[in-house]
Amino acid sequence: MAPTTEVQARFGPSIPGTDPSAPLLAVEELRVEFRTRAGIAKAINGVSFEVNSGETLAILGESGCGKSVTAQAIMGILDTPPGFITGGQIKYRGVDVLKRSKEERRQIRANKIAMVFQDALSSLNPVFTVGFQLAELFRKHRGMTRSDGKKRAIELLDLVNIPAARQRVNDFPHQFSGGMRQRVMIAMSLALDPELLIADEPTTALDVTVQAQIMNLLADLQRERNMGLILITHDMGVVADVADRINVMYAGRIVEKAPVFDIYAKPSHPYTKALLESIPRVDLKGQQLNVIKGLPPNLTQIPVGCSFSPRCRYAQDVCKADPPPPLYPVQPGISSACHFWKEVRGDE
Amino acid sequence: MSEPLSTMSVDNPAAPAAPVGPGEPSKDQSASLWSDARRELLRNPIFVISSVYILIMMSFAFVPKLWTRVDPQDCQLNYGSGEPMFTPGHWLGTSQRGCDYWSHTVYGANPSLQIALYATVGIVAIGLPLGVLAGFYGGWVDALISRLIDIVFALPFLLGALVILGMLRKYSIWTITLVLVVLGWTTVARIMRGSVIAAKNLDYVQAAKALGAKNSRLMFRHILPNAIAPVFVIATIALGGFVAAEATLTFLGVGLQEPAVSWGLMISRHDDFIETWPHLTLIPVTVLVGTVLSFILIGDALRDALDPKLR
Amino acid sequence: MGRYVVRRLLQFIPTVLGTLFLLHYLTSMAIQFGGNPVRSLFGDRTPPEEQLRQMTEQFGLGDPCLQQKGNPCFGLFWERMQDIFLRFDFGQSLAPRRDVTDVLADALPYTIKLTIIAFIVEAVLGLAAGVLAGLRNGKFSDYVVRIVTVLMISVPIFVSAVLVQKFVGVKFGNWLRQDLDAPEWLGRGLFGAAYKAEFPWLSLILPGIVLGMLTLASTARLTRGSLLENLRADYVRTAKAKGLTTNRVIGVHTLRNSLIPVVTTLGLSIGGYMAGAVVTEGVFRVPGVGFTILKAIATGEPMVLIGLTTVLVLVYLVLNLFVDLLYAVLDPRIRYE
């Protein structure tokens, strides 16, 4: 497709039916299940959230809680089978992408929403140079020639502060260090100026010192470009400086939503509280670390009531008997899926 | 069938599902791997049918009297001039030489399966310890054994067997077995070396090592139970490969010679009459291919059952 | 890359010498335990001592070490290595008296043609079937490919050769020739029961297909497995997330990786053809290297047997080396370690 206008040349074709005033991304009541030999695993059970341009939303939770599945569902790269989206909507600028054709979803992936994966070593193709993998985007989506694509690839590597970009563009992924590889991954995601970036555990595979550099890089780029950013992580320390809002997920549900400051100051859900207590703290040296007892539920057999109740110190009979609690509004901007959020917060 | 042992890729099913603590030997875990595998196998119809078929062929080979009372050497040449006879008592008729064909089919299993069994025991007996040594000790031991494996592996299996037997000119079950073992052990050694290296690097083995477990204990309690599974797979497939190899060598004239009774000889003796009496070729072909196929299918089923990653 | 090539070449020399020594040792032992092979040239007759000694000497088998069981005959090996690598001399055949290299030169073109046909059959059909099955995992065509390949693996090559020759070459061929009055090239060439000099390529197609079937099935299975494994890989997910078309995600990102192990087996299968060629050439009477080897066994020409095998083993080793280098070209992780 030949670019017709200047805007298209930079951002790719626009998606028909989009409303620029609608939220950048709105996920509503999303449900995903995995149909496996062992049974049907309900990975996501009614998740809703919104992200706007220039905003960072952190999705926080233990491994297996459905964070990455959410991201893959938004991108449209869920492996089907075994994964199936069984309900809900994913709206990009007001358009439910689940109702759009495969081709349009591919255009959205290419131009509007990009993703950074956890393990850059396995997520980059081992047999192509990073230059090829970057230039490929310009060649296939912007109709550039090989040499122009390569020029842009070098610019991108410069952008993510990879030294000697001109030489390194011809290197293969395994020739980079872990941090540099993740920078390549970020460069790739930014290549076509996406409006929304989903970063799935972007720093988990990295050393602690490198983690901070990568997070700062992501935050800087997001601010400069006024992108929406969804940051998926299990690490409460990582999100504190970067995120605006946090959604805490547990067993395929969002259990708490709050601005980042409030979460740390006064968690409203027992799970969030337990997560915070399990962070090792320098000022409490010598004390036993609080761990969350038990394991997350088996997603093929989620209990009837609140799925956190078996591990919850606030749990009462109602938690196990009643259907899972809805998100109760706690304060403007804060909600909690706990019948006893008042006790958890220590209000009254 | 030049490399009957390597016709199939064998994934490494050695990696266990989850590492156990250093204090807890891997015994329980591998026991459950095997009992899970048994349950899985018994539910697999392909495995069950193939196993029953192999059991029947084994009984052909080792208790032929169960199936026929006719001695395969008891041939009546006066039956005719090279024409198979269908007379009472010979339900598959006779061979060209007036020998009972059913009895030949039953007794013909013996050399193939004997050679396959001995050769498989042989390649495991040589390949397994060498592979374990190479994988476990590494360094110059590994370098030496790996080089040896490379050298033997560079002799094409069937071609090598053909030449050695052609020079030796003594064709018996034992010489054929010996040649097959000498040229065939490398596959087992390679697989074993790889899976021992994989098992050695598992966290709990490292942990046991850090706790000061002796080499012998490391090897027999921690590494071997986890690394041995692929050898079962490869050995089963090798059984089929050797049955085919024996028949091929016999067909080429460097295997068993008449008056021995074997499927390979039955095929090579009668393939020229396939137009007039196709059954004389097709009967031995069917039992032979069925045997090879069954061993391969059992090997496949074993691999699927022993690989926890696939479950 | 340079260092890898140098290292691989340095490893190659001892492997070649080791393999040739192993072949030498095994054949020497066969002579030591099986008795002087020259004797068998006379069949049941007992040859005069003097004539036997002379002929044994002519065959290069006069070395006394060949009568001591277990003696590795290092001296003889050294002589033969010099003959082979310095004088390009692989010994002589006796009846008729010719250099083995000449015998080889006569036979080789047929075997090369046969190998080319077999390789094309294997590569094209094997890859196509494997890719089809991999992309349609769990669907009907996948099951068909899996069942057919496992059946093909279970049929020893001499069985498939005999069955194809008799049923296609003879029965179907006779029908074409007699009932349909088919043209020569079709009835006698393509569907002939044996090699015919008038149809140097056509009459090799049937044996070539049989030979290719030997490894076709394992190539298809390997391709399928490798493709399935790579389709699950993280970088394929990345390629999808980049908004690339399905054709590009599979055709470029997945296949490029999946084919690395397949190329290796394709290369090695050419080595497998050398043994398989003995069977197919024997059955279809193609006067190639394999057929000559069979003839040498039947008539008891030890030097032809050893000489031709040595050549085939050398070719196999060179192919192995070539495949290893190709591997490094295809997989950058090996190239730069």
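**Helix α5 of chain B**

I checked the length of helix α5(B), residues 139–153, in this predicted model. At 1.5 Å a residue, its 15 residues should span 21 Å. I found the end C-alpha atoms 21 Å apart, so the helix agrees with expectation.

Next I looked up which residues of α5(B) are buried. They are Ile145(B), Ile149(B), Ile151(B), Val152(B) and Phe153(B).

**Chain A against chain C**

I then turned to the contact of chains A and C. It involves 22 residues of chain A and 19 of chain C. Which elements of chain A give two or more residues to this side? I listed α3 (102–111), α4 (120–123) and α5 (130–142). The largest share, five residues, comes from α3(A). By class, I recorded ten nonpolar, eight polar and four charged residues on the chain A side.

**A helix pair in chain C**

Last, I took α10(C), residues 246–284, and α12(C), residues 302–330. Their axes come within 9 Å and cross at roughly 175 degrees. Angles over 145 degrees count as roughly antiparallel, so I logged α10(C) as roughly antiparallel to α12(C).

I went through the contact residues as well. On α10(C) they include Ile260(C), Val263(C), Gly267(C), Gly271(C) and Met274(C). On α12(C), I picked out several, among them Leu312(C), Tyr316(C), Asn320(C), Phe322(C) and Leu330(C). By class, this contact has 13 nonpolar and four polar residues. I found no charged residues in it.

Terms used:
Residues numbered from 1 in each chain as written. Chains lettered and ligands numbered in written order. Predicted model: local features only at pLDDT ≥ 70, side-chain atom pairs only at ≥ 80, totals over all residues. Contact = placed C-beta atoms within 7 Å. Helix = DSSP H or I, 4+ residues; strand = E, 2+ residues; numbered from the N terminus. Nonpolar A, V, L, I, M, F, W, Y, C, P; charged D, E, K, R; others polar. Expected span 1.5 Å × (residues − 1). Buried ≥ 20, exposed ≤ 12 C-beta atoms within 10 Å, placed from the backbone. Axes fitted to C-alpha atoms, helices over the stretch in contact; angles between N-to-C directions. Parallel < 35°, antiparallel > 145°, perpendicular 65-115°, else oblique.
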